[in-house]
There are 2 protein chains.
Amino acid sequence: MDKLTTPQIEAQLKNLDGWTYDNGSICKSFVFKDFKEAFSVMTHIAFVAEQQNHHPNWENVYNQLTIKLNTHDAGGITQYDFDLANAIEQIVSKG
Amino acid sequence: MDKLTTPQIEAQLKNLDGWTYDNGSICKSFVFKDFKEAFSVMTHIAFVAEQQNHHPNWENVYNQLTIKLNTHDAGGITQYDFDLANAIEQIVSKG
């Protein structure tokens, strides 16, 4: 999977609400009602990530979740990251 | 729940393998076989944290998990943090 160029990244970010490109990752922070809601969403994402064989760097404290996606093997952002970001948006919007 | 003093924190850390006191939190990093094993442990910890009504600050990427515990309301470390740290050790040692 090829590393995307900055214009390619910027073009795809336009279709993703609230995601930004920062320090080599595409990132978004989410705030949920409480820990149970945050961890429920994380669990749903975990299954999708495992299925896609592409995993997030994520940090959680109580109802807050920050997700950073990049493709370590490619040294940047690839389509894998946008596929996972789009899946995450679908999961969160259904929650 | 009262904030523990530094000597009290240091005394309790002696009974916790690999935990350190750093920047206002007690911390430990774990490495598991793969993402499934890391997230399985996280799920087990999530239920205990919810039951204790005390939640970790944790960061995961693939098979790595870094946990930081403190008690926001007390502005430091309390017995809640050590109770959760001990529960985490039990979970990980059984995994």
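These notebook entries record what I looked up in a predicted model with chains A and B.

**Ground rules.** I noted that residues are numbered from 1 along each chain as its sequence is written, and that chains are lettered from A and ligands numbered from 1 in the order in which they are written. Because the model is predicted, local features need pLDDT of at least 70 and side-chain atom pairs count only at pLDDT 80 or more, while totals for chains, interfaces and linings use all residues; side-chain values use heavy atoms, with hydrogens and water left out.

**Entry 1: the salt bridges.** I found 2 salt bridges over all chains (a side-chain nitrogen of Lys or Arg within 4 Å of a carboxyl oxygen of Asp or Glu). In one of them, K28(A) joins E89(A), with the closest N and O atoms 2.9 Å apart. K28(A) lies in strand β2 and E89(A) in helix α3 of chain A, so this pair ties together parts that are 61 residues apart in sequence (helices, H or I of at least four residues, and strands, E of at least two, are DSSP runs numbered from the N terminus). K28(A) is buried at a relative accessible area of 13%, and E89(A) is buried at 18% (buried means under 20%, exposed over 50%, partly exposed in between, with a 1.4 Å probe and protein chains only). In chain B, K28(B) forms a salt bridge with E89(B) at 3.0 Å between the closest N and O atoms.

Entry 2: I checked β2(A) and found 5 of its 7 residues buried, so the strand is largely enclosed by the rest of the structure. β2(A) pairs with strand β1 of chain A in the antiparallel sense over 3 bridges (pairing needs at least two DSSP bridges between the strands). β2(A) also runs antiparallel to strand β4 of chain A, joined by 6 bridges, and there F30(A) has L65(A) as its bridge partner.

Note on methods. Copies are superposed by least squares on the C-alpha atoms of residues with pLDDT of at least 70 in both.
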